[in-house]
Amino acid sequence: MTVRGGDVVPARPGRRRPVIALLAATVLLLTACERGGATPRPPDPPTVDPAAEQRYGAAPTSDPGVTYQPDVVFVGGGGASVRGLSEDALTWRIDPRASGANTLARGKVMFLTGRAVGRVLNLRRDNGDLAVTLGPVDITDVIRDGTFASDGPVALENPTRHDAGTPFWAEYDADGEGAGGAASTAPVARQRPDSPSGGRLGAARAVRPGTFAAQRRVAGFAVTPICCAGGVGARFSYDGGGIRVAGTATLLMKRPTARFHLEIRGATVRRAELRIGGMAGLRVEIAGATDSHQNINKRIPIPLDFSVPVGEILGVPFSVTASQLIGVQTAFSAKDGNIKAAGEWSLGGSMGFGYANGAFGATEPWRLSVRNSITDSISGPSVGVNGIIVHYQAAFRAGLGALGFTAGLYATVTASVGLTVGSALGAPLVLCRSTQLGLYLDYGVGYTIPAGLTRAINAFLDLVNVGPIAAKAGIGRVDNVFNKLDIQPPKKICTS
């Protein structure tokens, strides 16, 4: 009804329904605008190209059980739409005619395959291709609602290798960086984007199944990564500037497996669990020497993923990956400085975490014992006191992304082994030897990148006028689960 001049006039029959329908449509439209528009959906599945899928990852498919964030842009074609990956492994070169490619923009989240997913930092045309530089992204920036779980334990014994070669970020100075991955303030040399290992575009490295990876040289280091049947580890050596180092670091495992569960509601993690089974021990062998009274302090994030595809869960192509980082810091106080040692510890149980009701709980390898004493093995006759620190990190992730820039669940174990040997001048009385072993667990949902690596990447991105990436996102925690100093012999001259 309406009011005219104080009189109530009945409404004309048939007018109310159109008005109500119009109001309802307006409310729905406003609500959709507030929520960012229609929920993105993956395009129809592409024709599977096994070689492209193995190299670049599987394409997502549509499923009513998952809701994506409005910023997600699905690019069609899967791995067949990828034409290459840059030598720095940050820029994907794709077919500009692929569905959705024309709607990509800075700040959007590209989702092409389970490996080609991330925040768009930059995009440009390059010789008929679309070059898209991706940064890391939190899993809740991709998925708004969904529950994802592995169907039983995922065997990690036969992974596929994804090799990025030797990108510019595969080495950085670690001065000031703590054993557990604390932030560092050391400067990092900026590299021009047109340098040999900079931002040029090239074909991606071949993907080959197997446990052993080929040796690669990074900043004077020769590194051979190993995974995963007997564990994850790396052999490494260095010879430069009068310093020689050789060693191995291995997280020993027996029949390694992974289980995970992730529940996201309203872009918030409600429940999460990641468990890496088969922990068996830690082995470290190291030898170092100098004839120039020089020292080094380097971190080598090994640019290679060992990956096991889990398959599509609600249309999302999850994978479980293992990546590694090696660090070496020498402390030679004499021109003839040298040190050598080898040891092994047992680590029983599993590694991982659980999260529910806003609180974390860690599954830690508490049952640690000495198998072969590294302290007893330390040798190094020299006129000065000498030391060396081996920093080894193994990261396990279940989620989306590539080469450490993976969004999802993660559990990282870091071992820091510091060794010292006293001067031979005091050997007639006593030769002091010591070992400091620290074990750290870093776990959560989202992503985390070492501080020095983040600085190195951001220095490069600044040169090409691209905004910086953040070192971490999501929820997580770091625990120091073991820390012990062993001094031999336990005499006052050594302990004071």
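This is a predicted model: local features need pLDDT of at least 70, side-chain atom pairs count only at pLDDT 80 or more; totals for chains, interfaces and linings use all residues.
Mentor: Rings of Phe, Tyr and Trp (for Trp, its six-membered ring) form a pair if their centres lie within 6.5 Å; planes under 30 degrees apart make the pair stacked, over 60 edge-to-face, and the rest tilted. Phe353, Tyr355, Phe360 and Tyr443 form one aromatic cluster.

Trainee: How many aromatic pairs does the ring rule give, and what makes Phe74 and Phe111 a stacked pair?

Mentor: The rule gives 11 aromatic pairs. The ring centres of Phe74 and Phe111 are 5.4 Å apart and their planes stand at 25°, so this pair is stacked. Phe74 belongs to strand β4 and Phe111 to strand β7, so the pair ties together parts that are 37 residues apart in sequence.

Trainee: Why does Phe74 count as buried, and why does Phe111?

Mentor: Buried means under 20% relative accessible area, exposed means over 50%, and partly exposed lies in between (1.4 Å probe, protein chains only). Phe74 has 8% relative accessibility and therefore counts as buried; Phe111, at 0%, counts as buried too.

Trainee: Why is the pair of Phe148 and Phe318 called tilted?

Mentor: The planes of Phe148 and Phe318 stand at 35° and the ring centres are 5.2 Å apart, so the pair is tilted. Phe148 lies in strand β10 and Phe318 in strand β22, so parts 170 residues apart in sequence are tied together. Both Phe148 and Phe318 are buried.

Trainee: How do you know that β10 and β18 are paired strands?

Mentor: Two strands pair if DSSP finds at least two bridges between them. Strand β10 (residues 143-149) and strand β18 (residues 243-265) have four bridges and run antiparallel; Phe148 stands opposite Leu262 in β18. Strand β11 (residues 154-155) also pairs with β18 in the antiparallel sense, over two bridges, and Ala155 stands opposite Thr257 there.

Trainee: Which bridges join β18 to β17 and to β19?

Mentor: Strand β17 (residues 231-240) is joined to β18 by 10 bridges in the antiparallel sense, with Ala249 as the partner of Ala234. These two strands form a hairpin with two residues between them, and Gly241 in the turn has a positive phi of about 60°. β18 and strand β19 (residues 268-290) pair over 20 bridges, again antiparallel, and His261 stands opposite Glu273 in β19. They too form a hairpin with two residues between them, where Gly266 in the turn has a positive phi of about 60°.

Trainee: What makes β16 largely enclosed?

Mentor: Six of the six residues of β16 (residues 221-226) are buried, so the strand is largely enclosed by the rest of the structure. Phe221, Val223 and Pro225 on one side, and Ala222, Thr224 and Ile226 on the other, are all buried. β16 pairs with β17 in the antiparallel sense over six bridges, with Phe221 opposite Tyr238, and a hairpin joins the two through four residues.

Trainee: Which strands form the open sheet, and why do β4 and β5 stand at its edges?

Mentor: The open sheet has six strands in the order β4-β7-β8-β9-β6-β5, with mixed pairing. β4 (72-74) and β5 (82-85) each have a single partner strand, so one side of each is left without a neighbour in the sheet. Between β4 and strand β7 (residues 109-111) there are three bridges, and these strands run parallel; the partner of Val72 in β7 is Val109.

Trainee: What lining residues does the second largest pocket have, by class?

Mentor: Ala, Val, Leu, Ile, Met, Phe, Trp, Tyr, Cys and Pro count as nonpolar, Asp, Glu, Lys and Arg as charged, and the others, Gly among them, as polar. The lining divides by this rule into five nonpolar, 12 polar and three charged residues.

Terms used:
Residues are numbered from 1 along each chain as its sequence is written. Side-chain values use heavy atoms; hydrogens and water are left out.
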